[in-house]
Amino acid sequence: MNTKWRFRGHKECQLRLVPGICKILTILKTNKRMPTTRKTPKPTGGDEPVTNQLEEAAAVTTKKTQPPSEGVDPKTQPATSSGIESVDGFTLQEVTQESMAESFMATAADFTVLRDIGEASFGPPPDETVETVHGPDNRIQITSTSIYPWRAIASLLITAADNSMWIGTGWFIGPHTLMTAGHVVFIKNSGVPGRDGWVKKIQVMPGRNGGTLPYGSVTSSNFRSVTGWTGSGDENFDYGAIILPTKLGSTTGWFGFGVYSDADLTSAVGNISGYPGDKPSGTQWYDARKIASVNSRKVFYDIDTAGGQSGSAVYRIVGGNRMAVAIHAYGGATTNSGTRISLDVYNNMVAWKA
Amino acid sequence: MNTNPGVIAGKVRTADGQPVAMARVYFTSGPVALPDITMLTDATGSFSLSAPVAGTYQIGCTADGFAPAMASVEVKNGQKAQVELVLKP
């Protein structure tokens, strides 16, 4: 059942027939002596959160970054100062002229009101097609997937409403919560009868390496997204979350995330590691490259990806911390793209983090 | 988002005609930006992917134990296109 979150203050409180109790509850929610995390009005517009569960209240903080955790097992891949992961055989590639040209096209237009960022940024020339691996495939397989941060990334096996099965990628932001693309948890305008809507279930396999599941698997049917995606199918709002019934993220660790300026993002290297369908089943692959451009809702890059990597974290390394800046979702002509962690996206992520 | 998308439907089979279940089918290129997701074939080797606009799409297919296969599919607006992918060891 698709049910919008319902925290709307005491006027709509189910306890409104008992005004005294309702007023006390309202005071408690706004008491300045309470911790910095507080109940506030949730994002509106396309970022209004929705869930397939009954109802939940949103917690919103005033901070703009959330820290990562390396989990209970101290094994961690040391972060480099160059903004990329230290992976044998991997070298950082320069941003291509094609992607820079495309980035200019992307930033020259106002994308905040466009419904199809692909058409807007790439145009639909009839003889030109888009690809998700640009030029040579620079992805490197990660085999040490029981080490942070790789173990905080999960292979997803998705069962849609019509029982069709899909693969995608998610990443922990807390003990119970993984972020992913909106189209991983909610299928929109598929054109296939019975497929649209919340998916039935997702099997989450953190740190999967082929047939090896170092942290086992957990299945969830508890999802989050926003009305901009579930209602409008707008690519600019293509993000969602999976809530696990266990605290598996406490073991694997999780990514930090934050809201960063355009200047911060366009000077940063973006890193993506996920589970593509074009490689041996269940294997994790990594690539990194300088972020090409941004707009208010999207981040563009020519980091190589393939189908199955939807939902991956696009992250930067800041002071040794892995901090997500976007949720990977689409392949483009010379630039792939992800949903930017804007303030509204960030507030929803904080509310969903458990 | 196009509310009347086309659909690319097809089957994956071996050279001797046996259906390949759990093969991974995904877009490698298309006329617009596409979701980076992969579908798994069912027990009959069938799959169906949404094609948001008319145009030419490249489909990739991999399954453990087989060489990757590719197919090019022309999709008209709102219509279903059929394709068959044959995997070889």
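**Figure 1. Pairing of S2(B) with S6(B) in the predicted model.** Val25(B) faces Cys61(B), a residue of S6(B), as its opposite number. The model shown here and in the following figures is predicted. Five bridges join S2(B) to S6(B), and the two strands pair in the antiparallel sense. S6(B) is mostly covered, with six of its eight residues buried.

**Figure 2. The hairpin of S6(B) and S7(B).** Strand S7 of chain B, residues 69-75, pairs with S6(B) in the antiparallel sense over seven bridges. Within this pairing, Gln58(B) has Ser72(B) in S7(B) as its bridge partner. Six residues lie between the strands of the hairpin, in which Gly65(B) adopts a positive phi near 95°.

**Figure 3. Chain B as a whole.** Chain B contains eight strands and zero helices. Read from the N terminus, its elements follow the order β-β-β-β-β-β-β-β. Chain B is as compact as a globular protein of its length, because its radius of gyration of 13 Å is close to the 12 Å that the globule rule gives for 89 residues. Along the principal axes, the C-alpha atoms of chain B occupy a box of roughly 35 × 20 × 15 Å. Buried residues make up 48% of the 89 residues of chain B. Of the contacts in chain B between residues at least 6 apart in sequence, 57% link residues at least 24 apart.

**Figure 4. The side of chain B that touches chain A.** Contacts between the two chains involve 31 residues of chain B and 41 residues of chain A. On the chain B side, two or more residues each come from strands S1 (6-14), S2 (24-30), S3 (34-35), S4 (38-40), S5 (46-51) and S6 (55-62). S2(B) contributes the most to this side, with six residues. By residue class, the side of chain B that touches chain A comprises 15 nonpolar, 13 polar and three charged residues.

**Figure 5. Strand pairing between chain A and chain B.** Strand S9 of chain A, residues 165-172, pairs with S4(B) in the antiparallel sense, and three bridges connect the two strands. Met39(B), in S4(B), stands opposite Trp166(A). S4(B) is also one of the elements that give two or more residues to the side of chain B that touches chain A.

Conventions
Residues are numbered from 1 along each chain as its sequence is written. Chains are lettered from A and ligands numbered from 1 in the order in which they are written. This is a predicted model: local features need pLDDT of at least 70, side-chain atom pairs count only at pLDDT 80 or more; totals for chains, interfaces and linings use all residues. Helices (H or I, at least four residues) and strands (E, at least two) are DSSP runs, numbered from the N terminus. The radius of gyration is taken over C-alpha atoms; the globule rule is 2.2 Å times the number of residues to the power 0.38. A residue is buried if 20 or more other C-beta atoms lie within 10 Å of its own, exposed if 12 or fewer, and partly exposed in between; C-beta atoms are placed from the backbone. Two residues are in contact if their C-beta atoms, placed from the backbone, lie within 7 Å. Ala, Val, Leu, Ile, Met, Phe, Trp, Tyr, Cys and Pro count as nonpolar, Asp, Glu, Lys and Arg as charged, and the others, Gly among them, as polar. Two strands pair if DSSP finds at least two bridges between them.
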